[in-house]
Amino acid sequence: KIAERIETLLARMSLEEKVGQLAQISGADFVPGPKAEEIIRKRGAGSVLWLNDTKKFNELQKIAVEESPSGIPLLFALDVIHGYRTIFPVPLAMAASWDPDVPEKSQTVAAREARAAGLHWTFGPMLDICRDTRWGRIVEGAGEDPYLGSAMAAAQVRGFQGDDISDPERVLACAKHFAGYGYSDAGRDYDPSYLSETQLRNTVLPPFKAAVEAGVATFMSAYMDLNDVPASGNRWLLRQVLRKEWAFEGFVVSDAFAVANMVIQGHAKDRREAALRGLKAGLNMDMSSYTYTENAADLVAKGDLTVAEIEELVRPILALKVKMGLFEHPYVEEGLLEKVVARPEHRQVSRWAAQRSMVLLKNEGGLLPLKKDIKKVAVIGPLADSMEATEGSWMVFGHKPAAVTVLAGIRAKLPGAEVTYAPGPEIRRDIPSWFESAMAGETRKPAQTPEESDAAFKTAVETARAADQVVMVLGETDLMAGEAASRASLDLPGRQEELLKAVAELGTPVALVLLNGRPLSVNWAAENIPAILEAWEPGTEGGNAVADILFGDTNPGGKLPVGFPRKGSHAPLYYARNLTHSPEGSPMYNPRYWDGLPTPLYPFGYGLSYTTFAYSNLKVSAPKTKVGETVTVSVEVSNNGGSSWSTVWGPYYG
Ligand code: GLC
């Protein structure tokens, strides 16, 4: 049935139109070139990206359906990786819940809102395993472990797509960035990845395979060279592994401009060869570089490519448009989004997901949970009232931050207390992100002068001095992790540690809340601060969730999806490594570096709770086994935290 419909469509399409379906064109005017309207009217398009405007979606769709030669509807695509209007914890935080329900329920809400806005396709889930925390995009993934990564991959696909992509509340998912992007040399974003087949098969590929098994509709090929061949022109990845071995039936879109970039990466002598290499490698759709539409007809005319090869790449694109029901329902109801966003369960799921994602790193002397009858709390730090840091990186275009900040969350929790606030000295990247200029369109505001910084420092210390309890909110801004946000050090940026030390000196009890998109080397805090809560970038309800945990309405249960190195230069650092002849704990153990311990500050899987647990009766079903057989490991876990902490909390909505 669907196959027949596709053959009927193909039969009446010109070559130019078939190639048109292999193009994802820009809906944003930061990409020079012909306007989307003209392109669509002339030959249609596979998809439009970087547009976030319901009215405009319908306008462009009308041109495609009513004015283009074959009336094939467009797919509207955008990065909705942890929420569209209601923002959820970043994917790295969701992985810290170790509960597939968290990403599945969160992405279900994200899909409902994105679809109500008129989007059909999100560029998520990002599945890049990463063991070098200097890489800024670790925030978008599930950390260092392929098993956890695979579980999160399947859960996100289920959340975005549901079990029927014709459901008008679902969007197509996109497994990205295929493959090996998390291994860019030394965590330098976009740098080449060199991976053995062992590393690929055991660590990098499993989450992508899990996404295929979960029915993911699309893939995105990565920017970087994988073993000297750009992923977007990599037959081994796109034909051998993805299609032959995994029998993937969807389609692959490149990353932004990645086809044209093959010229810069030295893999193609010109755009024409770049287009040929992408098409031959099995890359269906060219994101925003227009190399396919520029060259495909000539490639066919000169016999470098056949019409049949082009049609083979077009079929899965048409198939998904048919399966989504876009031919029958190409338009979106304007005004639907506000009704959907207003549904109370949207913010409730966000608050619950944030509660489940946070990791209690330290709680000496049971400082936490704090008492609610506390009189005077000082909330200190440059991120304490930052909506941007609370919602985190990779916001959709045009998103207006609306997060409940940690300050707001604590004020809401303690209506009777005096909750004071001081940001202390500002923090900013040494080198601005191009997202700050190109995308945001704002000119970067000038840095604080040393005098302003000192004044802010003093005010913060004085504010802390006057309080009974201090909550420090430190970490990274939203632009310090994410794309084009790698860094050589993992230390707290700016004067944050200096401020923390000065406040700790006062003797007032200090609880530290971290807002960050990657592990940070908080070595001094780990030694000297009694309580540390890793809140990541927790989303729209983040401040409420932090307050829920700080004041004991919810028990923190998150566990680290990636270890925290003591230094950036210790990367790559991960738990699942081969034992050497002198492993940790052995009599011959030699701690590798002579200038400090190489072990993680906090290891993979680490996380405390307000209660304590006892483990007993560890059992293994068989002392040995053969390849392919299974072994069952069981253990008894008891919650022995005494009467006050014996209940296991459900979600708390305040
Ligand atoms: C970006 C990112 C990719 C994103 C795409 C579209 O550069 O690498 O993750 O989905 O372009 O915005």
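Colleague: Where does Val 637 lie?

Modeller: Val 637 lies in strand E18. Helices (H or I, at least four residues) and strands (E, at least two) are DSSP runs, numbered from the N terminus. This is a predicted model, in which local features need pLDDT of at least 70, side-chain atom pairs count only at pLDDT 80 or more, and totals for chains, interfaces and linings use all residues. Residues are numbered from 1 along each chain as its sequence is written, and side-chain values use heavy atoms, with hydrogens and water left out.

Colleague: What makes the nonpolar patch on the surface, and which residues form it?

Modeller: Phe 613, Tyr 615, Leu 618, Val 620, Val 631, Val 633, Val 635 and Val 637 form the patch. Patch residues have over 30% relative accessible area and no salt bridge; like charges are joined within 9 Å, nonpolar side chains (Val, Leu, Ile, Met, Phe, Trp, Tyr) within 5 Å. A salt bridge is a side-chain nitrogen of Lys or Arg within 4 Å of a carboxyl oxygen of Asp or Glu. Together the eight named here have about 780 Å² of accessible area, by the Shrake-Rupley method with a 1.4 Å probe, where for residues only the protein chains shown count as cover.

Colleague: Which strand gives the largest share of the nonpolar patch?

Modeller: E17 does, with four residues. E17 and strand E18 (633-639) each supply at least two.

Colleague: Why is Ser 582 called buried?

Modeller: Buried means under 20% relative accessible area, exposed over 50%, partly exposed in between (1.4 Å probe, protein chains only). Ser 582 has 6% relative accessibility, so it counts as buried. Ser 582 lies in the loop between helix H23 (542-550) and strand E17 (613-620).

Colleague: What is Ser 582 in contact with, leaving aside neighbours within four places in sequence?

Modeller: Met 588, Tyr 589, Asn 590 and Arg 592. Contact means heavy atoms within 4.5 Å.

Colleague: How do you know whether Gly 44 is buried or exposed?

Modeller: Its relative accessibility is 4%, so Gly 44 counts as buried. Gly 44 sits in the loop between helix H3 (36-43) and strand E2 (47-49). Not counting residues up to four places away in sequence, Gly 44 touches Gly 20, Ile 39 and Ser 68. Val 65 is 21 residues from Gly 44 along the chain, and their C-alpha atoms are separated by 8.8 Å.

Colleague: Why is Trp 98 called partly exposed?

Modeller: Its relative accessible area is 35%, so Trp 98 is partly exposed. Trp 98 is in the loop between helix H5 (91-95) and helix H6 (101-117). Its phi is positive, about 55°, although Trp 98 is not a glycine.

Colleague: And what makes Asp 228 partly exposed?

Modeller: Asp 228 has 49% relative accessibility, so it counts as partly exposed. Its phi is near 75°, a positive value in a residue other than glycine. Asp 228 lies in the loop between strand E7 (225-226) and strand E8 (229-230).

Colleague: Which residues of helix H9 are buried?

Modeller: In H9 (residues 206-213), they are Pro 207, Phe 208, Ala 210, Ala 211 and Val 212. They pack against helix H7 (146-161), strand E5 (174-178), helix H8 (197-204), strand E6 (218-221) and helix H10 (235-245). Just after H9, Gly 215 takes a positive phi of about 90°.

Colleague: What is omega for the cis peptide bond from Lys 176 to His 177?

Modeller: Omega is near -5°. His 177 is in strand E5. A cis peptide bond also joins Phe 178 and Ala 179, with omega about -5°. Ala 179 lies in the loop between E5 and H8.
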